[in-house]
Amino acid sequence: MADFSKTYDVLVIGGGNAALCAAISARKQGASVLVLEHAPRAFRGGNSRHTRNLRAMHTAPTSVLTESYGEDEYWEDLVRVTGGNTDETLARMTIRATAQVLPWMEACGVRFQPSLSGTLSLSRTNAFFLGGGKALLNAYYTTAERLGVEVLYDTEVVSLDLDDGLVRSVSVTSRGFPATVRAKAVVASSGGFQANIGWLKRYWGDAADNFIIRGTPYAKGRILENLLAQGVQQAGDPTQCHAVAIDARAPAFDGGIVTRLDCVPFSIVVNRDAQRFYDEGEDFWPKRYAIWGRLVAQQPGQIAYSIIDSKAAHLFMPSVFPPVTADSIAELAAKLGLDPAALERTVTDYNAAVQTGTFDTTRLDDCRTEGLTPPKTHWARTVDTAPFTAYPLRPGITFTYLGVKIDTQARVQMQDGRPAKNLFAAGEIMAGNILGRGYLAGFGMAIGTVFGRIAGKEAASYAHH
């Protein structure tokens with residue numbers, strides 16, 4: 001039980017990956033640490049519960065990563081997905097630091113599975129957690145508690161008393177009761193505002209009603225809003241977020257990664273008018289999956305359908321939901337509520353545009369369309385072999401990119417350009433500094449891990465001085 005009469009060295013707001021990395025790092029520096037997690041214990045861990053991997057730089061094969069993945073290639077991949085909308089200093093810091101984080105994570109009890117092979121093309125770039133995100137968090141919480149970190153669940157931080165860049169106290173509601181917590185330094189790791197549909201509507205309008213939140217329902221953005229209202233400088237575009245296409249039948253919140261669909265590159269995707277709207281084969285799925293949430297969000301009714309035939313049915317990870325199947329395109333359209341004639345026309349036009357090539361899921365192959373708008377530039381094969389299959393898609397929001405601006409020491413920046421004296425940030429609440437738009441698989445965990453460790457260490461250093 002936390003002692004509210006005590007002044008802790010470091011207070012960590014949040015209970016996900018970045019928060020625990022900060023808490024463990026601060027405690028290892030000798031600081032007394034209190035973690036305030038809004039969720040009850042059974043749902044602890046924020047979005048990190050649903051993660052699976054971390055993108056890591058390495059110059060030679062490791063026990064869990066094949067070949068090499070150097071800084072320049074990592075940087076180029078990030079520039080490609082963000083369109084250059086990133087803070088290069090912070091981004092390169094993150095990339096370089098990932099070369100060191102796996103041994104630190106293993107020392108905290110995290111275990112990795114052997115390098116992944118198959119449809120995701122990630123064996124060279126991403127280290128996968130054995131047991132997934134929950135196993136990662138269980139290891140971190142076990143380590144933190146063994147080190148003496150105190151954790152208080154069911155505790156929502158209501159506001160921070162921020163005066164001239166100094167957090168003097170933190171107001172909380174702990175298990176239904178108001179309380180005040182004091183600490184020499186504070187780390188904000190409380191996520192974005194993606195679970196706040198009202199806030200999303202400010203930028204997306206009523207379309208946000210059709211968004212599905214893949215992760216924790218506790219990420220309401222309350223701390224973010226409170227800090228921005230008190231003179232903290234913002235970073236990131238409020239309209240941007242990590243959004244993927246997920247099965248439209250997923251629950252409104254917390255469905256997790258099992259709701260994601262990986263069939264898009266081997267399909268054609270149509271909107272509710274049965275019209276294609278983007279190149280499904282633009283690049284490998286780990287480099288493009290994060291654009292499809294936004295693409296679907298921009299379609300009428302925020303709904304789309306991925307359509308394949310039997311030739312492609314075995315090329316992606318199976319969905320947690322059963323596919324919609326039919327013996328003809330017209331029958332499939334009827335089951336989906338689409339205009340059968342329109343979908344048949346779209347499929348016929350697509351099939352006529354497909355050029356003969358050598359189909360290869362492991363490379364950007366030469367199977368493409370010609371004379372079709374939009375084109376399909378890779379893995380284009382005719383959709384002509386029954387049974388036909390479809391999955392309904394909706395925007396699945398993982399986290400938003402609006403956050404607080406930080407420096408290389410994870411210090412929160414005030415609007416007057418000065419760093420806050422004792423306030424640090426890590427994880428999704430500051431990821432917008434680096435992720436201006438787009439997303440790279442495993443990069444959110446990389447940012448959270450790297451800046452969680454920095455924030456914890458710097459907060460402990462401030463508390464000791």
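Me: Is helix 1 mostly covered or mostly open?
Reply: Mostly covered: in this predicted model, ten of the twelve residues of helix 1 are buried. Among them are L20, C21 and I24.

Me: What do those buried residues pack against?
Reply: For strands, they pack against strand 1 (7-13), strand 2 (33-36) and strand 8 (177-188). The helices they pack against are helix 3 (88-107), helix 4 (132-147) and helix 11 (443-464).

Me: What span should helix 1 have, and what does the model give?
Reply: At 1.5 Å a residue, residues 17-28 should span 16 Å, and the end C-alpha atoms are 16 Å apart, so the two agree.

Me: And what follows helix 1?
Reply: G30, with a positive phi near 95°.

Me: Switching to helix 3 and helix 11: how do their axes cross?
Reply: They cross at roughly 80° and come within 8 Å, so helix 3 and helix 11 are roughly perpendicular to each other. Helix 3 brings residues including M93, W104 and M105, while helix 11 brings residues including F443, F451 and R453.

Me: How do the residues of that contact divide?
Reply: Into 13 nonpolar, four polar and one charged.

Me: OK, the core. How many residues has the largest nonpolar one?
Reply: It has 142 residues, and L102, Y140 and F451 are among those with the most contacts inside it. Helix 11 gives the most to this core, with ten residues.

Me: What is L102 in contact with, leaving aside neighbours within four places in sequence?
Reply: L54, A56, V64, L65, F112 and A127.

Note on methods:
Residues are numbered from 1 along each chain as its sequence is written. This is a predicted model: local features need pLDDT of at least 70, side-chain atom pairs count only at pLDDT 80 or more; totals for chains, interfaces and linings use all residues. Side-chain values use heavy atoms; hydrogens and water are left out. Helices (H or I, at least four residues) and strands (E, at least two) are DSSP runs, numbered from the N terminus. The expected span of a helix is 1.5 Å times one less than its number of residues. Buried means under 20% relative accessible area, exposed over 50%, partly exposed in between (1.4 Å probe, protein chains only). Contact means heavy atoms within 4.5 Å. Axes are lines fitted to C-alpha atoms, for helices over the stretch in contact, and angles run from 0 to 180 degrees between N-to-C directions. Angles under 35 degrees count as roughly parallel, over 145 as roughly antiparallel, 65 to 115 as roughly perpendicular and the rest as oblique. Ala, Val, Leu, Ile, Met, Phe, Trp, Tyr, Cys and Pro count as nonpolar, Asp, Glu, Lys and Arg as charged, and the others, Gly among them, as polar. A nonpolar core is a set of buried Ala, Val, Leu, Ile, Met, Phe, Trp, Tyr and Cys residues joined through side-chain atoms within 4.5 Å.
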